[in-house]
Amino acid sequence: MGVELWWGLGVLGGGGSVVGLLWLLHRDRWQRDLLRESALRLAELKTQRHLALVEEQSKQQALLDSMVEGVLVLDEQGRVEHVNPALVRLFGLGPEVKGQPLANAIAVPELADMARRTVQQGRLIDQQIHIPGGDAPLTLQINAVALRDPDRLHAGTLLVFHDLTQHTRLAEQRREFVANVSHELRTPLSLIKGYTETLLAGAKDDPETATRFLQTIDKHADRLTFLIEDLLTISKLESGQVIMNLQPTALRDVAAQVIEDLRAKADEKATTLRNEVPGHLRVHGDGDRLQQVLSNLIDNAIKYGRPNGRVVVGARSLHEDIVEAWVADDGVGIPMEARERIFERFYRVDKGRAREQGGTGLGLSIVKHIVQAHGGEVRVESDLGNGSCFYFTLPRVNEAAP
Ligand code: ADP
């Protein structure tokens, strides 16, 4: 600034000698000023660049931290340089992995092999790998790319991990479900077809045989109807299409209605049905859906109960906000290893016996969905050979509350 000013004055004044003198007098100061000013400018520029770099780095960090995909950066020696939080969660990594060779940091041989091939081939490699890992198997889609510095020299490897575990599990469950449904539909259909063909081939001429065959056809047609009804119910419940109409409901009345409906079936096996639900207990529930829950549980209790057995429906308040209800039988019981699985679609302990009893294999799955849609839980206790008791909880109408 000072220099430009003196120079300007000199030129404007036209006095060359005066300017020359002034120049000599002030030269050192001007030069110092000039130097200081340039140094300041340089420092300012550096600070600005540094700040921009820091900002850029923190943006990149935030981006990596917020990614659902796991990110792993290896340095040019193949050692771990950076892992983002998603990758830490995926493999349960600790901070000690930094600086370690990949094979030591993550004990999955396919990964080290993939990183090596990426460097060798110098192109993007993608691969799906399955890591068995006992209780928590993983299915991962990994993209790996070699990193180059501005001189095109190898500077490391970047690996991005997409967790497909949930997706694969769902696809597997869907495939299994379709296979089960097809099988369940085909069995009664082929029986109906078989009996019809036998009737047409001549069995119809013997009235006794014809009646027996027609009864069997009728039974299997019913089974098909139940299966389709249950499938529709499951599909509606799972897709959240069923809206629970929660009303204060007296559980004893619901149980009484279901017992009434199933009395004839119980009589066939001389099973006694007892309603021990206290009359004063009221729950926030959808009456029709609760009827479906109790109907499935009591129906099972009769089916898998012993002849001349006893089925008891009971309930108690577990807490001022929760009612626990149960259906107990003194039948075959359920083996320990099957107790969790019986709530899965189509899981049966004894396939032959369950089909013989006309079950669809979907009843308990429907029960679980309905109870959960009420905010409750369902569980079973069983003494193999001596009986089972299915418990479920429901929100209680707290009569004392204002
Ligand atoms: P299903 O139509 O086969 O009865 P569910 O989903 O209702 O289907 O039940 C699944 C399986 O759980 C049954 O096949 C049976 O093996 C077992 N199960 C259910 N309830 C009882 C019970 N009260 N006693 C013994 N086993 C039972």
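Guide: Residues are numbered from 1 along each chain as its sequence is written, and side-chain values use heavy atoms, with hydrogens and water left out. In this predicted model, local features need pLDDT of at least 70 and side-chain atom pairs count only at pLDDT 80 or more, while totals for chains, interfaces and linings use all residues.

Visitor: What is the mean pLDDT of the protein?

Guide: The mean is 89, and 93% of the residues reach 70 or more; pLDDT is the predictor's confidence in each residue, from 0 to 100. Over residues 1-15 the pLDDT is below 50. Where pLDDT is low, the predicted coordinates should not be read in detail.

Visitor: Why is Leu111 called buried?

Guide: Buried means under 20% relative accessible area, exposed over 50%, and partly exposed in between, with a 1.4 Å probe and protein chains only. Leu111 has a relative accessible area of 1%, so it is buried.

Visitor: Where is Leu111, and which residues does it touch?

Guide: Leu111 sits in helix H5, residues 109-121; helices (H or I, at least four residues) and strands (E, at least two) are DSSP runs, numbered from the N terminus. Beyond its neighbours within four places in sequence, the contacts of Leu111 include Phe91, Ile129 and Phe161, where contact means heavy atoms within 4.5 Å.

Visitor: Which atoms lie by the side chain of Asn275?

Guide: Asn275 belongs to strand S7, residues 272-276. A polar atom of its side chain lies 3.1 Å from the backbone oxygen of Arg252, and one lies 3.2 Å from the backbone nitrogen of Val277.

Visitor: How many residues has the largest nonpolar core?

Guide: That core has 48 residues, and Leu251, Leu294, Ile298 and Phe392 have the most contacts inside it. A nonpolar core is a set of buried Ala, Val, Leu, Ile, Met, Phe, Trp, Tyr and Cys residues joined through side-chain atoms within 4.5 Å. Another core, of 25 residues, lies apart from it and includes Leu74 and Ala115.

Note on methods
Polar contact = N/O pair within 3.5 Å; in protein donor to acceptor, adjacent residues only side chain to side chain.
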